[in-house]
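I opened this entry to record what I looked up in the model, starting with confidence and ending with one residue.

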Amino acid sequence: MKPTIILRSAILVAVLFCCTLPVAFGQKYKTLADTAKLNAERNKLTRDIAKLNTELTDLKTKLPDYETASKNQAEAAQEAAQKSKDMAAKASDGDLSKVKKEAKMARRAHNEASDADDAQKKVKNTNNRIEKLGKKIEKKQQKLDELNQQSTTITSAGTTAGPR
């Protein structure tokens, strides 16, 4: 045989070895005896994913309400600020009762603006939680897929390696 053919064959064997080595050693569960542990971990992951999906659905259901509340709070804050501005224009003649009313309206406008800001933060936090839950679910689903693959590998190895 020519040296180039031998070299190519050696390289091919090395590449195949390098590609299959991580799969063989990266697999946590390898034998039929590990099946109980594997199934327990799969069941736990399945429960975790279901719980996270429930939480995600709940947040997604509440988000439109939070957004509506945020919009309403912003409108109320705008309205209170306008009333305060109008009252301040009327109180410029020095009437003490009008000045007190203006101060009251200004406090109310400030409180409304604070409530609107809190509502916006709640929407933002809910969106962040939805994003984080999505990432958590994705990671757990990948782990579950890996365990399912390991289960398939164990099952196929167990059926082919058994006595005949």
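I read pLDDT as the predictor's confidence in each residue, from 0 to 100. The model is predicted, so I checked that score before anything else.

Confidence. I found a mean pLDDT of 82 for the protein chain, with 77% of its residues at 70 or more. Helix H1 (residues 3-26) has the lowest confidence, at a mean of 59, and helix H2 (residues 35-90) has the highest, at 90.

Fold. I counted three helices and zero strands in the protein chain, in the pattern α-α-α along the sequence. For contacts with a separation of 6 or more, I noted that 80% join residues 24 or more positions apart.

Surface. Of the 164 residues, 20% count as buried. The chain exposes about 12300 Å², and carbon and sulfur atoms supply 58% of that area.

Ala 109. I placed this residue in helix H3 (residues 96-161). Is Ala 109 buried or exposed? Its relative accessible area is 12%, and the cut-off for buried is under 20%, so I list Ala 109 as buried. Leaving aside neighbours within four places in sequence, I found Ala 109 in contact with Ala 80, Ala 81 and Ser 84. Ala 80 is 29 residues from Ala 109 in sequence, yet their C-alpha atoms are 4.6 Å apart.

Key
Residues are numbered from 1 along each chain as its sequence is written. This is a predicted model: local features need pLDDT of at least 70, side-chain atom pairs count only at pLDDT 80 or more; totals for chains, interfaces and linings use all residues. Side-chain values use heavy atoms; hydrogens and water are left out. Helices (H or I, at least four residues) and strands (E, at least two) are DSSP runs, numbered from the N terminus. Buried means under 20% relative accessible area, exposed over 50%, partly exposed in between (1.4 Å probe, protein chains only). Contact means heavy atoms within 4.5 Å. Accessible areas come from the Shrake-Rupley method with a 1.4 Å probe; for residues, only the protein chains shown count as cover.
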